Amino acid sequence: MEHYNMNLNLKVWRQQNGKSKGEFKMYRVEDISSEMSFLEMFDVLNEKLIQDGEEPVAFDHDCREGICGACSMYINGKPHGPWQANTTCQLHMRAFKDGDTVVVEPWRANAFPVIKDLVVDRTAFDRIIQAGGYISVNTGNAVDGNALPINKDKADASFAAAMCIGCGACVAACKNSSAMLFLSAKVSHLALLPQGEPERHSRVINMLAQMDKEGFGACTNTGACEATCPKEISLTNIAMLNKEYLTASLVADK
Amino acid sequence: MTWKQMFTSSIGKKLVMSFTGIFLILFLIVHVSLNACIWANDGGEMFNKGAHFMGANIVPRILEIGLFLGLILHIVQGYMLTVQNRKARSIGYAVSYGNGGSKWYSRSMALLGTLVLLFLILHLSNFWLPNRSSQGLSLGGEIDLYAKMQETFSGRDAVTVLTILVYVLGCAALGYHLAHGFQSAFKTLGVHNKRYHIMLKSLGYGFSIIVPLAFAMMPLSFHFGWL
Ligand code: SF4
Ligand code: FES
């Protein structure tokens with residue numbers, strides 16, 4: 001692919017902290033290589049801001065290779081930018097042309113309050129996982145990996161669900177700010193495996209209760225989440241979550 | 001997990017929407033099949049017999065109460081969910097996501113539902129109200145509903161034309177509401193097997209085109225004399 005340099009106008013959300021009122025600020029970045037990642041472009045911007053004595057733009061990032069889910073930018077009206085099945089850190093500048101104006105916003109959801117600029121607090125996801133996204137394992141010698149027969153299709157489906165990196169783009173894209181795709185990935189991942197069996201019913205009930213407590217909206221099956229998810233988590237998982245919930249609540253003791 | 005918790009969690013509310021929605025879909029099947037009798041080419045004899053069966057029989061009359069309860073539940077729950085979901089994002093985006101990931105009608109269920117509701121108010125006052133007020137609590141004693149349809153739809157005056165327009169638009173809104181609602185209802189019930197899902201999806205699209213189209217053809221048939 002041909003390499004080129006570009007100048008861009010950035011319209012970036014700046015917010016001092018959770019309490020202050022934020023606003024958009026315009027910045028210009030020059031000589032950006034088409035080979036750079038979107039976050040590297042932000043590094044260039046931040047270096048310039050520091051040189052000018054301004055405060056750099058705060059944004060979340062960690063692995064920069066599409067596996068941790070930390071990077072979270074809503075770019076030109078789409079979480080993680082214009083590419084399909086992609087994270088912000090893996091978005092390359094060749095997605096843009098010279099002279100483009102790029103609008104960058106934080107995830108918007110009351111359950112993900114802004115901490116600073118583009119950084120939002122996603123600990124709500126951690127609390128949902130804590131409520132049931134685990135299995136019980138006895139200590140002692142590791143069990144032989146082949147001792148438990150697992151259907152290959154189910155193992156694959158479980159693995160596909162386990163791909164979720166907890167980035168929160170599904171919430172950001174959803175008109176209801178619902179975390180249902182995330183929750184469904186976590187629930188089906190374990191519900192499909194024999195290891196998930198002991199907590200199968202309590203898991204879905206407790207994780208859903210926590211999700212509702214965190215103030216996410218309710219799912220209406222629009223599918224915006226699936227379309228934006230960097231790991232292509234399928235909407236089928238939501239149907240599976242619904243089935244898990246229905247059975248769990250029907251057979252519940254109390 | 002109490003029964004109340006079961007139906008008031010975010011998935012529980014979806015379940016309520018799904019159960020009532022499927023119930024309303026079943027009603028549509030009955031309604032459209034009976035009404036299709038107007039095309040029997042017998043001056044409404046068969047249609048009025050069907051209407052008499054529904055009005056003079058205790059079972060459909062009891063089911064009717066259930067139908068209204070289901071409808072009200074569907075409406076109230078739907079609006080409550082819409083408000084609650086809107087509240088989950090106080091600060092919106094400067095650039096909206098738009099149609100990139102989802103169909104516009106799947107995001108507009110409240111609006112489409114409201115349009116259907118407005119149509120329904122007119123529709124009930126056109127037929128159901130005059131009929132039931134003539135019947136009172138008794139079984140039977142319906143008005144000549146075929147003649148009533150003729151009277152409502154065959155005129156050439158502005159009110160009739162406007163009424164027909166509202167009917168056609170109401171049916172279009174219903175079609176789009178069903179295009180999302182039909183398949184979504186089954187997803188909510190947990191249908192995740194690909195095989196069934198694909199089947200229900202095509203069935204849903206078929207249903208959402210054929211049934212509203214049949215309904216819309218009814219006033220048009222009376223108006224243009226296609227009977
Ligand atoms: S389901 Fe997809 S979009 Fe949602 S948190 Fe997981 S990886 Fe991110
Ligand atoms: S920084 Fe880890 S996924 Fe983007």
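In what order do the five strands of the open sheet in chain A lie?

## The sheet of chain A

The order is S2-S1-S5-S3-S4, with mixed pairing. Strands here are DSSP E runs of at least two residues, helices are H or I runs of at least four residues, and both are numbered from the N terminus; two strands pair if DSSP finds at least two bridges between them. This is a predicted model, in which local features need pLDDT of at least 70 and side-chain atom pairs count only at pLDDT 80 or more, while totals for chains, interfaces and linings use all residues. Residues are numbered from 1 along each chain as its sequence is written, chains are lettered from A and ligands numbered from 1 in the order in which they are written, and side-chain values use heavy atoms, with hydrogens and water left out.

Strand S2 (23-33) and strand S4 (78-79) of chain A are the edge strands, each pairing on one side only. S2(A) runs antiparallel to strand S1 (residues 5-14) of chain A, and nine bridges join the two. Leu10(A) has Tyr27(A) in S2(A) as its bridge partner. Helix H1 (residues 38-51) of chain A packs on the sheet and touches S1, S2, strand S3 (74-75) and S5 of chain A. The direction of H1(A) makes about 105 degrees with that of S2(A); axes are lines fitted to C-alpha atoms, for helices over the stretch in contact, and angles run from 0 to 180 degrees between N-to-C directions.

## Chain B

Chain B has nine helices and zero strands. Its C-alpha atoms fill a box of roughly 55 × 40 × 35 Å along the principal axes.

## The interface of chains A and B

Contact (heavy atoms within 4.5 Å) involves 50 residues of chain A and 36 residues of chain B. The area buried between the two chains is about 3500 Å², with 58% given by carbon and sulfur atoms; buried area is the accessible area (1.4 Å probe) that two parts lose on being put together, summed over both. Arg108(A), Asn221(A) and Tyr245(A) supply 17% of the area that chain A buries against chain B, more than any other three residues.

Among the elements that give two or more residues to the side of chain A that touches chain B are strand S5 (101-105) and helix H8 (236-251) of chain A. H8(A) gives the largest share of that side, eleven residues.
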